[in-house]
Amino acid sequence: MGESGILTVLWRLQPSTEVADELLVRVSENVANPANDVFWGSPGTMLAARVMWDWTGEERWAAAWRMCADALLTTRDANGLWTQRLHGETSRGLGPPHGAVGNVLALLGGEKLPDPSHAGRNVMGSDPPGCGREVTEESCRAIAEKTAAVLRRTAVFEDGLANWPMAEGEPLAASDGQIRLAWDYGAPGIVTSASRYLDEELLLAGAELTWEAGPPGLEKGPGICHGTAGNGYALLKAFERTEDELWLGRARRFAVHALDQVRRAGESRGRGRYSLFTGDIGVALYAADCLDCRSGYPILDTWDP
């Protein structure tokens with residue numbers, strides 16, 4: 001949310017020193033953001049620093065990433081969670097946009113999850129002066145293991161199906177009485193973001209619940225945030241983890257349904273909806289991933305189209 005994402009895309013489309021410098025200022029200014037989440041806080045601007053380091057190889061981006069990682073690790077509590085302070089409220093969220101699995105994904109580097117065979121090597125090279133904590137591949141494994149324990153503790157498991165509340169200590173049903181089952185809150189987002197370290201029994205139970213519940217209706221839409229395509233990424237992650245083509249077939253059925261929802265919504269509105277998270281672009285990326293047998297969730301996992 002805000003300028004950082006726009007500047008990152010702008011630099012990718014039309015690289016310039018001015019855009020890169022402005023983006024670095026935004027990343028640096030956001031280090032102490034109390035939101036402690038991907039959408040508003042430093043974990044989100046870490047994603048920009050990481051991809052700029054990948055694209056440019058410039059050490060200043062690695063240093064910015066390490067600065068953000070150091071601050072993020074400092075605010076993580078002994079139970080492996082962060083406190084989100086957003087819109088005048090506090091919570092200890094679990095999901096990817098405002099919670100633990102999104103923050104951990106930013107720390108672990110998305111698709112560039114460290115190779116455990118290189119334990120001890122610093123993920124982003126040597127530390128800059130004043131960096132208090134090294135984010136090594138060994139520490140990444142420890143972060144993943146502790147987060148897996150959090151998800152084990154907070155899962156609501158019944159009849160072979162699993163879901164998660166929006167935040168630790170909250171009931172499964174939110175204050176409006178609804179149980180969330182989407183990428184932003186609930187099993188699809190947990191499975192998608194934590195698929196590399198989540199207990200396989202829980203991963204499959206969360207994916208199975210996503211499948212049995214079926215695609216969300218048009219009131220939620222087809223998008224990747226809280227719509228059909230976002231839920232479908234959990235099915236792609238189950239395929240990636242198990243290599244069972246049952247899950248790929250299910251994911252593709254969600255994709256066909258999401259594309260039809262895009263068509264129907266467009267006819268109703270008289271136009272498309274062009275945002276990434278809640279619009280047609282995210283659905284197009286999901287459908288392409290289903291064809292190519294890829295499971296990288298946009299931005300959090302990968303910036304590659």
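**Loops, rings and a covered helix**

Q: Where is Asp159 found?
A: Asp159 is found in the loop between β3 (156-158) and β4 (161-163), where helices (H or I, at least four residues) and strands (E, at least two) are DSSP runs, numbered from the N terminus. This is a predicted model, in which local features need pLDDT of at least 70 and side-chain atom pairs count only at pLDDT 80 or more, while totals for chains, interfaces and linings use all residues. Residues are numbered from 1 along each chain as its sequence is written, and side-chain values use heavy atoms, with hydrogens and water left out.

Q: And what is the phi of Asp159?
A: The phi of Asp159 is near 55°, which is a positive value in a residue other than glycine. As background, most residues other than glycine have a negative phi.

Q: Buried or exposed, that Asp159?
A: Asp159 is exposed, because its relative accessible area is 72%, and the cut-offs are under 20% for buried, over 50% for exposed and in between for partly exposed, with a 1.4 Å probe and protein chains only.

Q: What about Cys293, where does that one lie?
A: Cys293 lies in the segment after α11, and although Cys293 is not a glycine, its phi is positive, at about 60°. With 40% relative accessibility, Cys293 counts as partly exposed. Asp292, by contrast, is found in helix α11 itself, and its 49% relative accessibility makes it partly exposed.

Q: OK, changing topic: how many aromatic pairs are there?
A: The count comes to ten aromatic pairs, under a rule that pairs rings of Phe, Tyr and Trp (its six-membered ring) if their centres lie within 6.5 Å, with planes under 30 degrees apart counted as stacked, over 60 as edge-to-face and the rest as tilted.

Q: Why is the pair of Trp55 and Trp303 edge-to-face?
A: The ring centres of Trp55 and Trp303 are 5.9 Å apart and their planes stand at 80°, so the pair counts as edge-to-face.

Q: Which residue lies over the face of Trp55?
A: Arg12 lies over the face of Trp55, at 4.3 Å from the ring centre, where a charge sits over a ring if NZ of Lys or CZ of Arg is within 6 Å of the ring centre and within 35 degrees of the ring normal. Arg250 is placed over the face of Trp247 in this way, at 4.9 Å from the ring centre.

Q: Which residues form an aromatic cluster?
A: One aromatic cluster is formed by Phe39, Trp183, Tyr233, Phe277, Tyr286 and Tyr297.

Q: Now the helices: how many residues of α5 are buried?
A: Nine of the nine residues of helix α5 (residues 100-108) are buried, and the helix is mostly covered. What covers these residues includes α3, α4 (59-74), β1 (84-86), α6 (137-154) and α7 (187-194). The helix is followed by Gly109, whose phi is positive, near 90°.

Q: How do the axes of α4 and α5 cross?
A: The axes of α4 and α5 come within 10 Å and cross at roughly 140°, axes being lines fitted to C-alpha atoms, for helices over the stretch in contact, with angles from 0 to 180 degrees between N-to-C directions.

Q: And which residues meet there?
A: Trp65, Ala69, Leu72 and Leu73 in α4 meet Asn103, Ala106 and Leu107 in α5, contact meaning heavy atoms within 4.5 Å. These residues divide into six nonpolar, one polar and no charged, where Ala, Val, Leu, Ile, Met, Phe, Trp, Tyr, Cys and Pro count as nonpolar, Asp, Glu, Lys and Arg as charged, and the others, Gly among them, as polar.

Q: Last one, what is Ala48 in contact with?
A: Leaving aside its neighbours within four places in sequence, Ala48 is in contact with Thr8 and Leu23. Ala48 is found in helix α3 and counts as buried, at 3% relative accessibility. The C-alpha atoms of Ala48 and Val9 are separated by 9.4 Å, with the two residues 39 apart along the chain.
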